[in-house]
Amino acid sequence: MDFTMDRPHRLLASLLLGIFLLPAPLFAAEAGLGERLVKEQCVTCHKFEGEPESKFNLKGPDLMWGGNKYQRPWLIRWLTGKEENLYPNGYRWDKGTGPQPHVVLSQEGAESVADYFEKNLLDPRIKKSFVDLSTLTEMEAAFGAEIYKKFSCLGCHQIKEDGQKIGGPISVTLYDAGNRYNLDWWSRFAENPQDFTPHSGEYLADLSMLGARYIIGYLMILGVEDFKYFEPWKTDHFKKADSKRGATVYKEYCTQCHGAKGEGDGPGAAGLEPKPAVHAKMALSQFPEDYLYNVIYYGGKSVGKSPNMPDWGLTIPPQGIADLIAYLRETFKGDAGAEAAPTATAKAQTGDCPQPRKTKKVSSILFNKKNPLKPTPPNLEAGKKLFHKTAKPMACELCHGKKGDGRGPGGAGVTPKPRNFTCQETMNGVPDGQLYGIIKKGSPGTAMPAFMNLKDKEIWQLVLYLREFAK
Ligand code: HEC
Ligand code: HEC
Ligand code: HEC
Ligand code: HEC
């Protein structure tokens, strides 16, 4: 190198360099920030290339697929120190150090690392997911929630219930999964976790494609506020529904159990307990479309009823289901509304009391539960709204009546009758835990559905409100 150059020469030289080279290095310097951070800092704990291996050989999770795995806003929040630790016991729980604070980058640093990830850390195994979240229904997410518990996910990954963290703290928390994961990455991971985190303690669940759709969809809504569920009953199929076509579908698929006229006397009925519903006595005209859709599409078990009422979703195409529902609602109007009509003659007509009650006792864990809430005005107001309007799959008043006397139109003609909550003699003997349990699980073999989507708090608010009727 020549150190003898005088000042003007050096200036000229740097100017020339500037003119010809400056734009390029400037660019490179900007694009290089992310790369530099990764190569200088992150590689001490994370792997960015090569094969995945057991976490027990690693300091931090593998990031070879970093460009596929995260939703960018989450990644930026994580890197700028705005997220909680993912591993409640520390990533390497075996070291017993507990969760450690993570490296924090500036906003600019985080953005450029995210750029670097998106350009360089793409895993060719990851394809477009087979799950289309725009068609995920609330019922499917509820099935996903069930799978989450049935298939031990809760044993190792925490979620939140009523704001509380629950579940085993072994691996990542998933209560915010819907804001963190990229759907395509998570779907591919679910296919075989060993392809990403081998020999690390994880588990492969035995799921059908549908089950996989439910659990994948469920995780993608965890932590997402106001997720917009697909509502099939609001689609064009329902606008174009034709009850004549529906009558044909009914004949082809339903009469075998429910009978030609909906009397519940098809050839299949003889061997079934509970018996197929007697549509002819039900005010299906009053049943909300979403409820009928769910019972028919996802089967009796989806609302806590007999699994002998099949789930028709894979068999009958969407238009057929819409036609069928139009037919049911047009044809079955209940017992001429005698019981359903608002009672002009007041007291005498407000339902049986004492009311015969053969409701099964719920499990003793549920039975012994105490209502953790107090009958404050906000709690009663919340219970009231659920009872009369918002409870899904159906508002309670449809069967239990506007007055809580068990005489709603949806209950007309069903046996046993919906509970008459105004009747002290019957209600006083029934503890809160029993009411809670029946609302949560339904009363199998009766019209009382399981309200699986209600949060615990909402069920207790309902129980508080029900008690008001007998006061
Ligand atoms: C001292 C070791 C260490 C360094 C350095 C480090 N990380 Fe981490 N990183 C971890 C650990 C441990 C976790 C798991 C965090 C937890 O407990 O939740 C983690 C988690 C992550 C995650 C989430 C991983 C997942 O999917 O679960 C990302 C993304 C990440 N780090 C990126 C980076 C980047 C980018 C850098 C460099 C700027 C970096 N890390 C530097 C140790 C480190
Ligand atoms: C026996 C414990 C265990 C069970 C049960 C389990 N997992 Fe995991 N899971 C793990 C471990 C271990 C990992 C690897 C990540 C780590 O902890 O190092 C993992 C990884 C994951 C990841 C990716 C985490 C990430 O960000 O890299 C997801 C998502 C996940 N599991 C979901 C589930 C679901 C859904 C179920 C239920 C079907 C389930 N897991 C059941 C232990 C478990
Ligand atoms: C294999 C016999 C069987 C077939 C076929 C069948 N169902 Fe059912 N269905 C049942 C049984 C059993 C019940 C009663 C479930 C209970 O009370 O637990 C029922 C109940 C119902 C209910 C009432 C749900 C409620 O809230 O009480 C509706 C509506 C219904 N079925 C519609 C249909 C339609 C529409 C079809 C044809 C697509 C159909 N079912 C075909 C057995 C069947
Ligand atoms: C489709 C009709 C229907 C709807 C909708 C309905 N119920 Fe019921 N409910 C019944 C029937 C029928 C019974 C009687 C069940 C029995 O005797 O086992 C019942 C019983 C009950 C019981 C009595 C439990 C007991 O042990 O005595 C409670 C509590 C109850 N329902 C609460 C509710 C609440 C709260 C809602 C709304 C979130 C609701 N029900 C919606 C039909 C319905």
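User: Which residues have the most contacts inside the largest nonpolar core?
Analyst: Keep in mind that this is a predicted model. Its largest nonpolar core has 53 residues. Those with the most contacts inside this core are Leu292, Leu324, Ile325, Leu462 and Val463.

User: And which helix gives the largest share of this core?
Analyst: Helices that each supply at least two residues include helix H12 (243-258), helix H13 (289-298) and helix H16 (377-390). Helix H20 (456-469) is on that list too. The largest share is eight residues, and it comes from H20.

User: Between which domains does this core lie, and why?
Analyst: The domain assignment gives four domains, among them domain 3 (233-331) and domain 4 (350-469). Both of these give residues to the core, so the core lies between domain 3 and domain 4.

User: Which residues is Leu462 in contact with, leaving aside its neighbours within four places in sequence?
Analyst: Leu462 is one of the residues with the most contacts inside the core. With those sequence neighbours set aside, its contacts are Gly383, Leu386, Phe387 and Ile439.

User: How many residues surround ligand 4, and which helix gives the largest share of the shell?
Analyst: There are 28 residues around ligand 4, with Thr359, Cys396, Cys399, Ser443 and Met448 the closest. The elements that give two or more residues are H17, H19 and H20. By class, the shell has 18 nonpolar, seven polar and three charged residues. The largest share, four residues, comes from H19.

User: What about ligand 1: which helix gives the most to its shell?
Analyst: Ligand 1 has 24 residues around it, and Cys42, Cys45, Gly60, Leu86 and Tyr91 come nearest. Sorted by class, they are 15 nonpolar, seven polar and two charged residues. Three residues of the shell come from the helix that gives the most, H4 (residues 72-79).

User: Is Gly334 buried or exposed?
Analyst: Gly334 sits in the loop between helix H14 (318-331) and helix H15 (364-367). A residue counts as buried if 20 or more other C-beta atoms lie within 10 Å of its own. Gly334 has 23 within that distance, so it is buried.

User: How many Å apart in space are Gly334 and Gly411, C-alpha to C-alpha?
Analyst: Along the sequence, 77 residues separate Gly334 and Gly411. In space, C-alpha to C-alpha, the two are apart by 8.9 Å.

User: How many Å apart are the C-alpha centres of domain 1 and domain 3?
Analyst: Domain 1 covers 22-120 and domain 3 covers 233-331 in the assignment. The distance between their C-alpha centres is 52 Å.

Conventions
Residues numbered from 1 in each chain as written. Chains lettered and ligands numbered in written order. Predicted model: local features only at pLDDT ≥ 70, side-chain atom pairs only at ≥ 80, totals over all residues. Near = placed C-beta within 6 Å. Nonpolar A, V, L, I, M, F, W, Y, C, P; charged D, E, K, R; others polar. Buried ≥ 20, exposed ≤ 12 C-beta atoms within 10 Å, placed from the backbone. Domains from an automatic or database assignment. Core = buried A, V, L, I, M, F, W, Y, C linked by C-beta atoms within 7 Å. Contact = placed C-beta atoms within 7 Å.
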